[in-house]
Amino acid sequence: METGNHSCGTDFTLVGLFQYGHMDTFLFTVIAILFAVALIGNITLVHLIRLDRRLHTPMYFLLSQLSIIDMMYISTTVPKMAANFLSDNKTISFLGCEIQVFMFFNLAGCEALLLGFMSYDRYIAICRPLHYPVLMNWKFCCSMVASAWSSTSVNALVHTMYVFQLPFCGSRIVNHFFCEVPSLLPLVCEDTSQYELTILVSGLVVLLLPFLAIVASYARVLVVVFQMSSGQGQSRAVSTCSSHLTVASLFYVTGLSTYTQPHSLHSPGRDKVVAVFYSIVTPVLNPFIYSLRNKEVMGALRRQMR
């Protein structure tokens, strides 16, 4: 334990996404463009929802929360990652690494729960429309968001405090482009099998349960739509649900592949590629998938542009 305490003042070194120096400028450009697109898309969506009274509904309130989370989420990892492409000094302080782990755990968990709540909102709106004002009132909606933020904050705090009191007595080189718990555990010089079981349980609760709820909700929505709608309405519903499920699956499946595997099965190269999808690609896609296919959002955009 003395070694662990002594290690608290030592920086970590992030290997980065790839170890090819000649690609750094190109990778910096790509990452910077994706970061800018994600920020612009999410800021625009939040701004539209705030300005247009027609979008002041529980559904769009949840969508604005998702956009806020995505902006914070991608800002937790990408700026440091992009800076490392242009710098020979790829270190991150012990405190900076702690902050990254806490913020990433918190925001990723909150997004996982929020996507589940959004699918529940769509299920109630389409399958039980007469009960929607009662079941999805503003009080309940705010309670869902507050519970998501508070529960994932506590979960993230517990994991962060436990991981960083462990003794890091080996190499300080983190084979990743940001501080993530699975990439930090190989640096710990004691048995972490019991803690890995805790991560598995957390991953199943925070990721798998909401994902199953989303699949069940959209399956029920499609059944109702096919029973009631015209051919054009059916094709539109299938298109919308499939795009939402695709983005959600990208987030949940990649997250589950990282946080439900035992340490012995992890591959640093594969983990980094998978992490790109749930830490960068998903925040970039979300505002476009949930807005470009939405007539109300596009209508609000046209009204504001006029």
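Trainee: When I look at the disulfide of C97 and C179, which torsion should I read, and what does that torsion say about the handedness?

Mentor: The torsion about the S-S bond is the one to read, and in this predicted model its value for C97 and C179 is about -115°, so the disulfide is left-handed. The two sulfur atoms are 2.0 Å apart, and this is the one disulfide that the structure holds.

Trainee: Which parts of the chain does the pair tie together?

Mentor: C97 lies in helix α4, residues 94-127, whereas C179 lies in the loop between β3 (173-174) and α7 (181-184), so the bond ties together parts that are 82 residues apart in sequence.

Trainee: Are C97 and C179 buried or exposed?

Mentor: Buried means a relative accessible area under 20%. C97 counts as buried because its relative accessibility is 0%, and C179, also with a relative accessible area of 0%, is buried as well.

Trainee: How does helix α3 pack with α4, and at what angle?

Mentor: Helix α3, residues 58-85, packs with α4 at an angle of about 155°, their axes being 9 Å apart. Angles over 145 degrees count as roughly antiparallel, and therefore α3 is described as roughly antiparallel to α4. The contact of α3 with α4 has 17 nonpolar, four polar and five charged residues, and the crossing in which α3 passes α4 is left-handed.

How values were computed. Residues are numbered from 1 along each chain as its sequence is written. This is a predicted model: local features need pLDDT of at least 70, side-chain atom pairs count only at pLDDT 80 or more; totals for chains, interfaces and linings use all residues. Side-chain values use heavy atoms; hydrogens and water are left out. A disulfide is a pair of cysteine sulfur atoms within 2.5 Å. Helices (H or I, at least four residues) and strands (E, at least two) are DSSP runs, numbered from the N terminus. Buried means under 20% relative accessible area, exposed over 50%, partly exposed in between (1.4 Å probe, protein chains only). Axes are lines fitted to C-alpha atoms, for helices over the stretch in contact, and angles run from 0 to 180 degrees between N-to-C directions. Angles under 35 degrees count as roughly parallel, over 145 as roughly antiparallel, 65 to 115 as roughly perpendicular and the rest as oblique. A crossing is left-handed if the near helix is turned anticlockwise from the far one by less than a right angle, and right-handed if clockwise. Ala, Val, Leu, Ile, Met, Phe, Trp, Tyr, Cys and Pro count as nonpolar, Asp, Glu, Lys and Arg as charged, and the others, Gly among them, as polar.
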